[in-house]
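User: I would like to learn how to read salt bridges and pockets in a protein model. Could we work through one example together?

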Amino acid sequence: MKNRSDTPDSLEVLQKKLAGFGEYSVRKTYYPELQQRLEDLRESEEFLKNIVDNIPAMVFVKDAVELRYVALNKAGEELLGYSREELLGKNDRDIFPEEQAAFFTRKDREVLERGDLLEIPEEMAKTRSGDDRILRVKKIPLFDNGGNARYLLGIAEDITDRKHLEEQLLQSQKMDAIGQLAGGVAHDFNNILMVIMGYGNMLSRDFALDSPQKEKLERIIEAADKAAQLTRSLLTFSRKQEIQTRVANLNDVVRQVQKFLVRIIGEDVQLTSQLDSTEPLVNIDSGQIEQVLVNLATNARDAMPKGGQLTIRTGLLDIDASFVQANGYGKPGRYALISISDSGIGMDEKTKSRIFEPFFTTKEVGKGTGLGMAIVYGIIKHHHGFINVYSEPQIGTTFRIYIPLIEMEQATDVEIFTSAPSKGGTESILVAEDDATVLTLTQEVLTSFGYTVIPAKDGQDAVEKFREHRDTVKLILMDIIMPQKNGKEAFYEIRLLDPDVKIIYFSGYTMDIIQGQGVFDEETELIMKPVQPLELLRKVRDLLDR
Ligand code: ADP
Ligand code: MG
């Protein structure tokens, strides 16, 4: 490079000499020889330029005094989006945002002062189109014959994509670690809860307890019930929960959940769906995939407080080795794709990198649990699929979910499962639940599907409300654990008023645990908390029609 910076001088000198020779008679003798040398130099300059231009990294040269660009190779033009003509003669402040320019200048000065190569492992540079690229840069001072630094040579490699892959890998390792931890804790914690619940229930049947003691015991059991709901969410996230898969048409799942999504997102949000004409078959637990769509739509609604667009698409996608390499995730094969896009507030990079973590929320206390996306993540992983997110602040967010496709030939002998659509009704339903959020959710779901809901805040209230509305109430939804009177006691009294009334209980516990406690018989209908709205609607309709 030292030669290169000297080259213009030699050329100049040569040219001067040539011009000078014109005045002498010896011109004839020397002229052709000098012309040949000039030609050689041009060729060698062309040769060097060619090499520099073809180096697959950005190469630039700045003068040491004002730090203006004096050379830039082709890779540099491509990387920055500026042509040589635009860049040469300018310095960093003319081109880059202030902060970036200041950083580059500081490093340039450091190199020139130290007189030695400097490596900058990572720096950001904004390109002409506004992209931030991550560069790994080496800066080298170029000296003249007198040992003074005259130029600064820079070689920059664009490592944005590599960084991206590293982050992806770290992200998936992080999620695995969190999953392991959360799952392990939830699993052991659940066992502890069973003990608390078991002894609590035994004690509550003890007639020797006086009423204040009973009251306190109920608080304990209530708290254990809430804790059970929480551990259930964590078990879904960490994939410790069993899923029951069947072959289903993904479009059908979307079609069925759509009617419900419309109600979640409200009137100000416009829902459009574009379903793939091939009707993709997948092996899924439809209830869980519905849950995924519900969670995503709920977040989309929260991201669009002033209304907007929600779009659901399905499609097919072949994932090949190059996709996996480019994205850092996935396994080659054929996939069904669901994407959900909203035109909401979007997310910055920092939020985006954490959304799948359990308990990560940017919403106010009481508004968000931070479990929605964690559950989505767990469910998709459990289906051997994967999920990614694109988001732009103020523009919107798109989640893309890939689920392994089942080929038609494989699917011909199997029965394609379609879960019953969530139908509504006009009956009156008594809902007894002391947890206000569960009560409100249940009430909203049922009324938006046409039912009339009579709310009750505890067991005692339930008995009274039933007495009032016994002629119209066709079904009771009741929490097992409630203050005043628990679900079972309340139902016992209600049954004396009307032996035919139907009941569904809410619980954080699975049926086997409850039955193990000897509290209920086998026919007892149960809805697990956290309540899945579609399952709720199906169970309600199913029981009313029985
Ligand atoms: P929660 O909704 O209870 O906050 P989630 O796990 O469902 O918890 O979501 C975690 C966070 O991810 C949200 O608090 C929000 O910051 C972000 N998020 C999720 N979906 C979207 C979206 N569609 N648009 C913008 N931000 C979102
Ligand atoms: Mg959420």
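User: Is Arg 301 buried, partly exposed or exposed, and what is the relative accessible area of Arg 301?

Analyst: Please note that this is a predicted model. Arg 301 has a relative accessible area of 31%, so Arg 301 is partly exposed.

User: With which residue does Asp 302 form a salt bridge?

Analyst: The general idea is that a side-chain nitrogen of Lys or Arg must lie within 4 Å of a carboxyl oxygen of Asp or Glu. Here Asp 302 pairs with Arg 301, and the closest N and O atoms are 3.1 Å apart. Asp 302 is also partly exposed, at 33% relative accessible area.

User: Which residues are joined into one network by salt bridges that share partners?

Analyst: Lys 49, Asp 53, Glu 77 and Arg 84 form one such network. Within this group, Glu 77 and Arg 84 make a salt bridge in which the closest N and O atoms are 3.2 Å apart.

User: Are Glu 77 and Arg 84 buried or exposed?

Analyst: Both Glu 77 and Arg 84 are buried.

User: Which parts of the chain does the salt bridge between Arg 133 and Asp 158 tie together?

Analyst: The closest N and O atoms of Arg 133 and Asp 158 are 3.0 Å apart. Asp 158 is partly exposed, with a relative accessible area of 32%.

User: How many salt bridges are there by this rule?

Analyst: The count is 35 salt bridges.

User: Let us turn to pockets. What is the volume of the second largest pocket?

Analyst: In general, rolling a probe the size of a water molecule over the atoms shows where empty space is left. In this model, the second largest pocket has a volume of about 1,400 Å³. Its lining comprises 40 residues, and those closest to the centre are His 164, Gln 168, Tyr 329, Asn 388 and Val 389.

User: Which element gives the most residues to that lining?

Analyst: Helix 7 gives the most to the lining of the second largest pocket, namely 10 residues. Other elements that give two or more residues include strand 4, helix 13 (372-382) and strand 12 (396-404). Domain 2 (58-158) and domain 3 (243-418) each supply at least three residues.

User: How many nonpolar, polar and charged residues does the lining have?

Analyst: The lining of the second largest pocket has 15 nonpolar, 14 polar and 11 charged residues.

Definitions and conventions. Residues numbered from 1 in each chain as written. Chains lettered and ligands numbered in written order. Predicted model: local features only at pLDDT ≥ 70, side-chain atom pairs only at ≥ 80, totals over all residues. Heavy atoms only, no water. Buried < 20%, exposed > 50% of the residue type's maximum accessible area, 1.4 Å probe, protein only. 1 Å grid on protein atoms, 1.4 Å probe; cavity = no way out; pocket = protein on both sides within 12 Å on 5 of 7 lines; lining within 4 Å. Points joined across faces, edges and corners; volume = space filled by probe spheres on them. Helix = DSSP H or I, 4+ residues; strand = E, 2+ residues; numbered from the N terminus. Nonpolar A, V, L, I, M, F, W, Y, C, P; charged D, E, K, R; others polar. Domains from an automatic or database assignment.
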